[in-house]
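Reader: I'd like to learn how to read the features of a protein model together with its ligand. Could you walk me through one, step by step?

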Amino acid sequence: MLRHPSTLRPGLSRRCGLDGVARNRELFTANACGRKRRPATQEDLMSNHLFDAFRSRMPAPGRLLMQTDDGRTLTYGDLLARSAQLAHALLQLGVEPGDRVAVQVEKSPEAMLLYLACVRAGAVFLPLNTAYTLAELDYFFGDAEPSLVVCDPARADDIGPLAERSGAAHVTLGGNGLGSLTDQASRQSSDFHDVERGPHDLAAILYTSGTTGRSKGAMLSHENLASNARVLVEQWRFTKVDVLIHALPIFHTHGLFVATNVILMAGASMFFERKFDPARIISLLPRATALMGVPTFYTRLLQQEGLDREAAKNIRLFVSGSAPLLAETHKAWREATGHAILERYGMTETNMNTSNPCEGERRAGTVGFPLPGVSLRIADPDSGRPLAQGEVGMIEVKGPNVFSGYWRMPEKTKAEFRADGFFITGDLGMVDADFYVHIVGRGKDLIISGGYNIYPKELESEIDALAGVLESAVIGVAHPDFGEGVTAIVVRSPASAISAAEILAAIAGRVAKYKHPKRVIFVEELPRNTMGKVQKNLLRDAYKDLYAS
Ligand code: MLC
Ligand code: AMP
């Protein structure tokens, strides 16, 4: 088992087995498998665990929190006042502690304030990708049973009826009048007594697709989020003087919890960009100190004029994550800017697990060391037997960052934890001689495109259901822009002439655009092994140069 280097002692066994030091972490991962929790301490009885953690480190109210790309500014004082108003409005709408508030809105300061308002009101924030179709939303509403759905005014006519069908009230963020949450909030007091929430209470549910089809809601507690933000601030040396370029969406872990929570926990500020626009990012670099992005950010920026040492001279930290950063990108970035990108590794279920060091060697092709408090081991995927250093196996983690389970899926939760509380990530990796963690593959059938996860199973089910399709296999193929390009290999039914365009048109209303295959290839049959299982490795190999530029 591996822990952060500061906790490694000489003589620690190199075999990746559980030792005593990890046991106290069970305090936090407890309820996923019905294990015991520790008795409440004074700290547990704080009024609102996550918001208090932010509040305790907040700078003076006049200090700038963010500046948007349309010229708006928000101070920490504004944050306190406006999230308070929104929290009052949520209560008026009948939101009670523990209720889910499902939110599908474009990125804006108000969207971020709504997240904080939910935390303060004791609700469970449930952000949804703006690319999700109505069919996808219908599933999430049915599964999560939110008491309130918040959407943009432009989608209210479509989303309202879905929300009603699931029994939820619905309002818009922005817009005017009765159905506008922002309008209602503007009439509320800017003082709010935060609803009491302890470390183990849920702060958010984030849906993550599953290898078997149905998306699962990862339940994240106040302490999961607070502990990870605290550790990242410390490890990445964030302070009040930092200015982050925030160009990630705020409906997934990276943009919401890594980027936003770190800034709030550090009392720092950010350029809050609605979209990732490479030219604009370059123009912001001289006024910022940090950038966080998915690898596609870095490959796109490398193609942009103006990226050089001079432009990046005020930046102290470039962070990459959510997908593998190619060693060649790491090298090209260093040559262009003089900076070594810091790569870290996380998941929706676990927040951040490992990180390359801020000081010390940021090693290309690795994700660094376990963060303080996180225990990581490499285990045999089938038996769970810990493997020796240098051997490749399943990455398993445990710590205060790890979620408490999947929403209303106790069986799935149980299946993804070992009996001793380690979470089975589905990522294959190894620990090298210097203790750097390498991710070498995936034990799960997952494609990561531009930092978004796409589960082939979901697309295969949609494509296989079409008249004229016999069967399909969806694979990820190396793609110069997105890292992996979603590719559908399709066998037509006898006498069918279904085209790629018809397949894409048929799935258009059903699955989000970013999941759509970039290419559809027709074949006579799919390669299978003797057990009848489709050999996706052969397909990946056959089409490996499909997107080579
Ligand atoms: C957009 N498209 C994508 C795509 N993003 N297709 C595949 N993969 C993606 N990631 C589609 C668009 O719908 C569009 O379709 C076409 O591709 C080109 O769009 P674009 O304008 O070039 O894309 P853009 O809007 O610039 O988006 C690219 C991106 C974005 C890289 C900026 O995808 C992005 O912000 N990615 C970050 C995702 C993220 O935050 N992941 C973190 C998950 S948390 P058309 O046909 O309409 O043109 C996690 C845990 C952890 O993983 O460890 O952090
Ligand atoms: P998500 O479910 O969207 O949170 O995606 C989590 C997955 O992204 C992980 O299980 C990994 O497969 C992948 N991932 C995150 N960070 C990295 C990284 N730095 N390198 C390789 N894969 C990563």
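Author: Gladly! Keep in mind that this is a predicted model. Let's start with helix 2, which is largely enclosed by the rest of the structure because six of its eight residues are buried.

Reader: Which residues of helix 2 are buried?

Author: They are H49, L50, F51, D52, A53 and F54. A residue counts as buried when its relative accessible area is under 20%. H49, in helix 2 (residues 49-56), has a relative accessible area of 2%, so it is buried.

Reader: With which side chain does the side chain of H49 make a polar contact?

Author: With that of E223, at 2.6 Å.

Reader: Let's turn to the ligand. Which residues come nearest to ligand 1?

Author: Of the 24 residues around ligand 1, the nearest are K275, S322, R344, S449 and K513. By class, the shell holds 10 nonpolar, nine polar and five charged residues.

Reader: How do I read the polar side of that site? What distances separate oxygen atoms of ligand 1 from polar side-chain atoms of S322 and K513?

Author: Look for N or O atoms within 3.5 Å of each other. For S322, a polar side-chain atom is 2.6 Å from an oxygen of ligand 1. For K513, the corresponding distance is 2.5 Å. The protein covers 74% of the 1,000 Å² of accessible area that ligand 1 has on its own. Helix 9 (253-266), helix 11 (295-302) and strand 13 (342-347) are the elements that each give two or more residues to the shell. R300 also takes part, with a side-chain N or O atom 2.8 Å from an oxygen of the ligand.

Reader: What should I look for in the backbone?

Author: Most residues other than glycine have a negative phi. S322 has a positive one, near 85 degrees, and is found in the loop between strand 12 (317-320) and helix 12 (327-337). R408 also has a positive phi, near 50 degrees; its place is in the loop between strand 17 (393-398) and helix 13 (410-415).

Reader: How accessible are S322 and R408?

Author: S322 has 25% relative accessibility, so it counts as partly exposed. R408 is partly exposed too, with a relative accessible area of 49%.

Reader: And the cysteines? How many disulfides does a search of the whole structure find?

Author: A disulfide is a covalent bond between the sulfur atoms of two cysteines. Here the search finds zero. For C118, the nearest cysteine sulfur belongs to C151 and is 14 Å away. C118 has 0% relative accessibility and therefore counts as buried; C358, at 15%, is buried as well.

Reader: How many salt bridges does a search of the whole structure find?

Author: It finds 31. To read one, look at the distance between a side-chain nitrogen of Lys or Arg and a carboxyl oxygen of Asp or Glu, which must be within 4 Å. E310 and K313 meet at 2.8 Å, and both residues are exposed. In the bridge between E471 and R528, the closest N and O atoms are 2.3 Å apart. This pair links distant parts of the chain, 57 residues apart: E471 is in strand 22 (residues 469-479), while R528 is in the loop between strand 24 (519-522) and helix 16 (536-542). R528 is partly exposed, at 38%.

Reader: Which residues do salt bridges with shared partners join into one network?

Author: D70, R72, R82 and E110. R72 is partly exposed at 35% relative accessibility, and D70 is partly exposed at 42%.

Note on methods. Residues numbered from 1 in each chain as written. Chains lettered and ligands numbered in written order. Predicted model: local features only at pLDDT ≥ 70, side-chain atom pairs only at ≥ 80, totals over all residues. Heavy atoms only, no water. Helix = DSSP H or I, 4+ residues; strand = E, 2+ residues; numbered from the N terminus. Buried < 20%, exposed > 50% of the residue type's maximum accessible area, 1.4 Å probe, protein only. Polar contact = N/O pair within 3.5 Å; in protein donor to acceptor, adjacent residues only side chain to side chain. Near = heavy atom within 4 Å. Areas by Shrake-Rupley, 256 points an atom, 1.4 Å probe, with all protein chains shown as cover. Nonpolar A, V, L, I, M, F, W, Y, C, P; charged D, E, K, R; others polar. Disulfide = S-S within 2.5 Å.
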